[in-house]
Amino acid sequence: GTCFAAPVGTINMPTLLQQHPGFSKALTQWQKDVEKAQKDVQKEVSKLDKNDTKGQEAVLAKYNTQLNKQRIALFLPLEKDILAKTDEVRKEKKLDNVVMAGSVFIGEYQDLTNDVAKKLK
């Protein structure tokens with residue numbers, strides 16, 4: 001009997017991110033960014049009137065936007081690297097598509113997480 005490989009692969013992005021060589025450095029920087037933002041928020045909010053909820057919300061929104069940009073700047077390069085390695089594995093295994101784990105996919109698929117993890121080392 002011929003054995004057909006499933007044409008779809010899947011990867012677990014959170015697992016791969018944690019296994020990426022650049023992850024701990026990015027995470028450490030991210031934690032510093034968050035701590036700094038929290039201090040800056042407290043500093044700015046303390047200058048406002050206690051009843052100025054609109055002002056407080058504006059300060060929070062500003063720092064949330066800023067933190068979002070910083071998070072993307074830190075982790076997007078890692079994700080792009082993981083996706084590039086995933087594409088290498090996809091080609092090696094002659095698969096048509098790769099989906100993120102947690103996507104709804106009906107039918108058979110191969111989990112490529114470990115194969116991609118090996119390429120990240």
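Predicted model: local features only at pLDDT ≥ 70, side-chain atom pairs only at ≥ 80, totals over all residues.
A polar contact here is a pair of N or O atoms within 3.5 Å, where one must be able to donate a hydrogen and the other to accept it. The side chain of Thr10 reaches the backbone nitrogen of Ala101 at 3.4 Å, and the backbone oxygen of Val99 is reached by the side chain of Thr10 at 3.3 Å.

Thr10 sits in strand β1, which covers residues 8–11. Its relative accessibility is 6%, and because buried means under 20%, Thr10 counts as buried. Once neighbours within four places in sequence are left aside, the contacts of Thr10 include Val98, Val99, Met100 and Ala101.

**The chain as a whole**

Stepping back, the chain has four helices and three strands, and along the sequence they follow the pattern β-α-α-α-β-β-α. The radius of gyration is 21 Å, well over the 14 Å that the globule rule gives for 121 residues, so the chain is more spread out than a compact globule. Along the principal axes, the C-alpha atoms fill a box of roughly 75 × 30 × 15 Å.

Of the 121 residues, 27% count as buried. The accessible surface comes to about 8,600 Å², and carbon and sulfur atoms hold 54% of it. Among contacts with a separation of 6 or more, 77% are between residues 24 or more positions apart. As for charge, the chain has 20 positive and 16 negative charges, and their mean positions are 5 Å apart.

**His20 and Phe23**

His20 is placed in the loop between α1 (13–19) and α2 (23–47). Is His20 buried or exposed? At 11% relative accessibility, His20 counts as buried. A polar atom of the His20 side chain lies 2.9 Å from the backbone nitrogen of Gly22. Not counting residues up to four places away in sequence, His20 touches Leu78, Asp81, Ile82 and Leu120.

Phe23 belongs to helix α2 and, with a relative accessibility of 16%, counts as buried. Leaving aside neighbours within four places in sequence, Phe23 is in contact with Leu17, Gln18, Phe75 and Leu78. Which residue lies 56 residues from Phe23 in sequence and 10 Å away in space, C-alpha to C-alpha? That residue is Glu79.

**Lys94, on the exposed side of the cut-off**

Lys94 is found in the loop between α3 (53–92) and β2 (97–100). Its relative accessibility is 71%, and Lys94 counts as exposed. The backbone of Lys94 deserves a look too: phi is near 55°, a positive value in a residue other than glycine.

| Residue | Relative accessibility | Counts as |
|---|---|---|
| Thr10 | 6% | buried |
| His20 | 11% | buried |
| Phe23 | 16% | buried |
| Lys94 | 71% | exposed |

Key:
Residues numbered from 1 in each chain as written. Heavy atoms only, no water. Helix = DSSP H or I, 4+ residues; strand = E, 2+ residues; numbered from the N terminus. Buried < 20%, exposed > 50% of the residue type's maximum accessible area, 1.4 Å probe, protein only. Contact = heavy atoms within 4.5 Å. Rg over C-alpha atoms; globule rule 2.2 N^0.38 Å. Areas by Shrake-Rupley, 256 points an atom, 1.4 Å probe, with all protein chains shown as cover. Lys, Arg positive; Asp, Glu negative; His and termini not counted. Charge placed at Lys NZ, Arg CZ, Asp CG, Glu CD.
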